[in-house]
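Please read this briefing alongside the sequence and the 3D view. The points are grouped by topic.

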Amino acid sequence: MYSQALNAPALATDDSEAGQRFQARIEAEERIEPNDWMPEAYRRTLIRQISQHAHSEIVGMLPEGNWITRAPTLRRKAALLAKVQDEGGHGLYLYAAAETLGVSREELVEQLLTGRAKYSSIFNYPTLSWADIGAIGWLVDGAAIMNQIPLCRCSYGPYARAMIRICKEESFHQRQGFEIMTVLARGTDDQKAMAQDALNRWWWPSLMMFGPPDAQSQHSDASMRWKIKRFTNDSLRQKFVDATVPQGHYLGLGFPDPELRLNEATGHWEFGAIDWDEFRRVLAGDGPCNRERLTARQRAHEDGAWVREAALAYAAKGRNGRTRAAA
Ligand code: BYC
């Protein structure tokens with residue numbers, strides 16, 4: 001069965017002289033670049049996070065790709081096609097950023113295809129109606145932006161730089177989703193019901209995107225000390241809820257949480273308990289679409305074998321040609 005094993009948390013303290021110099025650079029907000037000395041645990045943490053992020057972008061193309069042929073208008077089809085294409089691009093920038101840490105793309109792809117690597121839990125849920133495309137853009141990309149804007153200031157240069165472009169594109173994605181939701185929420189009763197149903201199904205999984213509660217987040221302490229992460233999982237989740245609830249109310253939609261209420265004293269929206277058993281089940285490979293997603297990626301990899309072979313043969317031919325010309 002496809003199950004995602006937990007990686008051991010990294011030790012963030014390295015008392016060696018090099019380790020102390022490294023930490024001082026982090027404290028001084030200097031960017032770490034590929035050829036700089038870095039603790040092995042920092043390198044491994046980055047490979048883990050960046051590759052999981054890349055896999056999420058690639059697997060994230062599947063639920064939306066499912067609706068490209070069924071988009072309701074040509075304009076919607078063109079926008080969705082562009083969005084899914086952007087996600088493929090994000091995956092590629094992120095694999096390239098991970099490669100600067102000394103791991104090969106083949107190795108990372110193999111980890112995904114064999115189920116040894118994680119990707120975001122959110123992409124193991126199905127897209128049942130067109131409104132789901134609106135809800136994904138609004139909520140999933142909205143959550144992604146909240147989580148990823150701070151990554152533009154991540155201490156590792158190649159990751160931080162990749163995130164700048166990714167965040168710009170995510171912002172377009174979020175707006176196209178919110179616009180779809182706006183049109184549906186102002187449409188016929190059936191369309192409004194579709195929008196509400198999509199919000200009901202995507203709300204809780206979107207909150208899970210931020211990861212386990214801080215008390216159970218095994219990597220947060222090390223990642224915060226290294227300034228890979230700038231905010232904890234719970235603080236980003238709260239920021240997202242505070243930003244998103246008023247948007248839902250503006251659309252005239254309700255949230256599937258009877259405990260949701262504004263705390264006037266703190267200014268924060270308080271929300272009910274998240275079903276962490278469901279989160280753990282999805283991570284263990286037992287979400288609604290885990291098997292389908294992995295099978296689709298494995299098939300795409302097999303179907304693409306001839307393209308990789310042709311590209312390698314072409315590159316080798318170019319190299320041979322250049323060698324002959326130089327002789
Ligand atoms: N799903 O110690 P923690 C997108 C894992 S793409 C699955 O808090 P960390 C988009 C975590 O990996 C969205 N696994 O970890 C694309 C760890 O397991 P391992 C993806 C999760 O790393 C297309 C364990 O649980 N975004 O936006 O400090 C279309 C303990 O967690 C999840 C990114 O990848 C989850 N939700 O914090 C539309 C952003 N949460 O590795 C949109 C970059 C946790 O020990 N990543 N786990 O086996 C991050 O910011 C951080 O890695 C996380 C987790 C906040 C996700």
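The ligand is surrounded by 37 residues, and the closest are Gln52, Lys118, Ser217, His219 and Lys229. A residue is near a molecule if one of its heavy atoms lies within 4 Å of it. This is a predicted model, in which local features need pLDDT of at least 70, side-chain atom pairs count only at pLDDT 80 or more, and totals for chains, interfaces and linings use all residues. Residues are numbered from 1 along each chain as its sequence is written, and side-chain values use heavy atoms, with hydrogens and water left out.

**The shell around the ligand**

- The residues of the shell divide into 14 nonpolar, 16 polar and 7 charged. Here Ala, Val, Leu, Ile, Met, Phe, Trp, Tyr, Cys and Pro count as nonpolar, Asp, Glu, Lys and Arg as charged, and the others, Gly among them, as polar.
- Three helices, α2 (40-59), α6 (131-148) and α11 (276-286), each supply at least two residues of this shell.
- Helix α2 gives the most to the shell, with 6 residues.
- Helices (H or I, at least four residues) and strands (E, at least two) are DSSP runs, numbered from the N terminus.

**Contacts and cover of the ligand**

- An oxygen atom of the ligand is 2.5 Å from an N or O atom in the side chain of Lys118.
- For Ser217, a polar side-chain atom lies 2.7 Å from a ligand oxygen atom.
- For Arg48, the distance from a polar side-chain atom to an oxygen atom of the ligand is 2.9 Å.
- The protein covers 95% of the 1,000 Å² of accessible area that the ligand has on its own. Accessible areas come from the Shrake-Rupley method with a 1.4 Å probe; for residues, only the protein chains shown count as cover.
- Which pocket does the ligand take up? The space taken by the ligand is the largest pocket.
- On a 1 Å grid over the protein atoms alone, a cavity is a set of points where a 1.4 Å probe fits but cannot get out, and a pocket is an open set with protein on both sides within 12 Å along at least five of seven lines; lining residues have an atom within 4 Å of a point. A molecule sits in a cavity or pocket if more than half of its atoms lie within 2 Å of its grid points.

- Ser155 is in the loop between α6 and α7 (157-185). With a relative accessible area of 4%, Ser155 is buried. Buried means under 20% relative accessible area, exposed over 50%, and partly exposed in between (1.4 Å probe, protein chains only).
- The side chain of Ser155 reaches the backbone oxygen of Trp226 at 2.7 Å.
- Thr127 lies in the loop between α5 (105-113) and α6, and is buried at 7% relative accessible area.
- The side chains of Thr127 and Asn66 are joined by a polar contact of 3.1 Å. A polar contact is a pair of N or O atoms within 3.5 Å; within protein, one must be able to donate a hydrogen and the other to accept it, and residues adjacent in sequence count only if both atoms are side-chain atoms.

- Glu29 is not a glycine, although its phi is positive, about 65°. Glu29 is in the loop between α1 (17-27) and α2, and counts as partly exposed at 44% relative accessibility.
- Lys227, also a residue other than glycine, has a positive phi near 55°. Lys227 is found in the loop between α9 (220-225) and α10 (233-250).
- Is Lys227 buried or exposed? At 19% relative accessibility, Lys227 counts as buried.

**Distances in sequence and in space**

- Arg31 is in the loop between α1 and α2, and is partly exposed at 34% relative accessibility. Arg31 and Ala160 are 129 residues apart along the chain, and their C-alpha atoms are separated by 9.0 Å.
- Ser206 belongs to helix α8 (residues 189-208), and is buried with a relative accessible area of 0%.
- Met209 is in the loop between α8 and α9, and is partly exposed at 22%. Met209 and Arg161 are 48 residues apart in sequence and 22 Å apart in space, C-alpha to C-alpha.
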